[in-house]
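User: Hello! I am new to this structure and would like to learn how to read it, feature by feature. Could you walk me through it?

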Amino acid sequence: MNNFNFYSPTYFVFGKGKENETGKYVKRFGGTRVLIHYGSGSVMKSGLLDRVKKSLTESDIWFTELGGVVPNPRSGLVYEGIEICKHENIDFVLAVGGGSVIDSAKAIALGALYDGDFWDFYTGKQYVKKALPVGTILTLTAAGSEGSSGSVITHENGMLKRATGGDAMRPAFSILNPELTCSLPPYQTACGATDMMAHVMERYFTNTRNVEITDRLCEGILLTVINEAPKALTNPDDYEARANLMWAGMVAHNDTCGVGRDSDWSSHQMEHELSGLYDVAHGAGLAVMFPAWMKYVMHHDLNRFAQFAVRVWGCEMDFQNPEKTAIQGIQRYEQFVSSLGMPIRFSQLGAKAVDIPTLVKSMGLGKNTLGSFVKLTSEDVTKIYQLAV
Ligand code: NZQ
Ligand code: ZN
């Protein structure tokens with residue numbers, strides 16, 4: 001196991017009706033002038049936004065609001081939010097929504113304390129040191145941004161989808177009420193399950209040895225999602241399934257199961273190019289890219305893929321032919337996400353083989369490599385995209 005530091009200071013408030021206590025938690029984390037940030041309407045339709053405002057009002061907290069975040073959140077609204085923060089002396093950003101809203105809120109919180117262009121953090125010109133505190137009320141279990149240090153934004157100039165991260169961006173608190181996720185359309189529930197599985201698998205396929213504790217945590221989360229996601233799709237109001245998924249999504253990505261081991265985010269980066277270019281749902285893009293990546297790299301460590309097949313998918317180990325077991329595991333994963341209603345090929349996603357050079361170019365690898373489990377050149381990345389066609 002590698003040495004590690006782990007700092008995950010988010011205060012989680014989990015359970016039914018907990019959004020009604022928002023004011024109490026904003027106060028607890030020092031908020032007095034709040035920017036409420038939300039998406040394109042689901043929080044108004046459900047009445048959640050009204051409940052949150054009521055709670056802030058009851059706690060005598062001043063607020064203003066900025067809605068309109070779209071999936072694969074854009075830079076334009078971030079610039080607008082930063083202006084509001086500076087102009088109104090905002091000291092707390094409250095995200096009410098899914099991963100896109102939370103990521104946009106984090107970007108605003110970052111830019112509010114920076115004199116330059118917030119995009120500098122997403123291009124690597126600046127490192128994250130400070131940001132306004134962010135609180136979240138999560139409505140979609142998927143991205144894990146409610147507990148993560150990351151944020152992913154698409155710049156409208158070139159539609160470049162880029163990520164940044166730093167401990168200062170971890171939410172101060174996150175309210176997780178599984179009931180809020182019952183209104184999710186089946187496609188979003190499935191995208192969410194696929195995304196959280198990917199967060200675990202990006203950590204699972206590692207070159208680090210003797211990481212049994214995190215291997216087992218990863219396997220436990222994957223087994224939970226495999227068990228609970230179909231229940232939530234069959235019965236969207238199944239509170240227990242939603243609750244298990246909600247916490248699984250958080251632990252999948254706050255790095256509990258990534259500490260002490262190298263992780264490999266190649267599939268995420270290849271997906272970010274897809275959702276940057278085609279504006280598809282992140283989880284759906286991962287369902288297409290992850291099996292392709294697995295097929296391409298599995299020979300690097302057949303035993304690890306066979307372990308995945310046996311422990312997660314219940315495949316029988318073929319000691320004479322571990323490759324057979326490894327392939328079975330990948331097939332079972334592909335069948336599972338497909339059974340959830342996810343695309344597994346470029347055409348199902350609306351992506352085109354002719355755009356592969358554009359996707360690779362946009363990634364800007366140059367002579368560098370991508371990933372750590374297997375270090376991929378631009379040529380490898382091209383071949384993986386081709387495997388997904
Ligand atoms: O905008 P509204 O009206 O709220 O509708 C949203 C949106 O259309 C809807 N929705 C959310 N909660 C709902 C609901 N509809 C009905 N009932 C509810 N309770 O769902 C749609 C998708 O929302 P979005 O926030 O885009 O989805 P998700 O949570 O999957 O977030 C995806 C974004 O997160 C990024 C992705 O790249 C993508 O941009 N990621 C962020 C990460 C992080 N910060 O750590 C890591 C991830 O790997 C990921 O890259
Ligand atoms: Zn993801």
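Analyst: We will go through the model one feature at a time, with the general idea before each case. This is a predicted model, in which local features need pLDDT of at least 70, side-chain atom pairs count only at pLDDT 80 or more, and totals for chains, interfaces and linings use all residues. Residues are numbered from 1 along each chain as its sequence is written, chains are lettered from A and ligands numbered from 1 in the order in which they are written, and side-chain values use heavy atoms, with hydrogens and water left out.

User: Let me start with the metal. Which residues coordinate the zinc ion (ligand 2)?

Analyst: The general idea is to look for donors, meaning N, O and S atoms within 2.8 Å of the metal (3.2 Å for Na, K and Ca); water is not among the atoms, so sites may look incomplete. Here the zinc ion (ligand 2) is held by Asp195 through OD and by His199, His268 and His282 through NE2, at 2.0 to 2.2 Å. Along the chain, these donors follow the spacing D-x3-H-x68-H-x13-H.

User: Where do aspartate 195 and histidine 282 lie?

Analyst: For this we need helices (H or I, at least four residues) and strands (E, at least two), which are DSSP runs numbered from the N terminus. Aspartate 195 belongs to helix H6 (residues 186–204) and histidine 282 to helix H10 (residues 282–297), so the pair ties together parts that are 87 residues apart in sequence.

User: Are aspartate 195 and histidine 282 buried or exposed?

Analyst: Buried means under 20% relative accessible area, exposed over 50%, and partly exposed in between (1.4 Å probe, protein chains only). Aspartate 195 is buried at 3%, and histidine 282 also counts as buried, at 16% relative accessibility.

User: How do I read the packing of H6 and helix H9?

Analyst: Axes are lines fitted to C-alpha atoms, for helices over the stretch in contact, and angles run from 0 to 180 degrees between N-to-C directions. H6 packs with helix H9 (residues 266–278) at an angle of about 140°, and the axes are 9 Å apart. Angles under 35 degrees count as roughly parallel, over 145 as roughly antiparallel, 65 to 115 as roughly perpendicular and the rest as oblique. H6 and H9 are therefore oblique to each other.

User: Which residues meet between H6 and H9?

Analyst: Contact means heavy atoms within 4.5 Å. On the H6 side we find Asp195, Ala198, His199 and Glu202, which meet Ser266, Ser267 and His268 in H9. These contact residues divide into 1 nonpolar, 4 polar and 2 charged. In this grouping, Ala, Val, Leu, Ile, Met, Phe, Trp, Tyr, Cys and Pro count as nonpolar, Asp, Glu, Lys and Arg as charged, and the others, Gly among them, as polar.

User: Now the wider view. How is the protein divided into domains?

Analyst: Domain bounds come from an automatic or database domain assignment. That assignment gives domain 1 (11–180) and domain 2 (186–388). Their centres, taken over C-alpha atoms, are separated by 27 Å. Domain 1 gives 26 residues to the contact, and domain 2 gives 24 residues.
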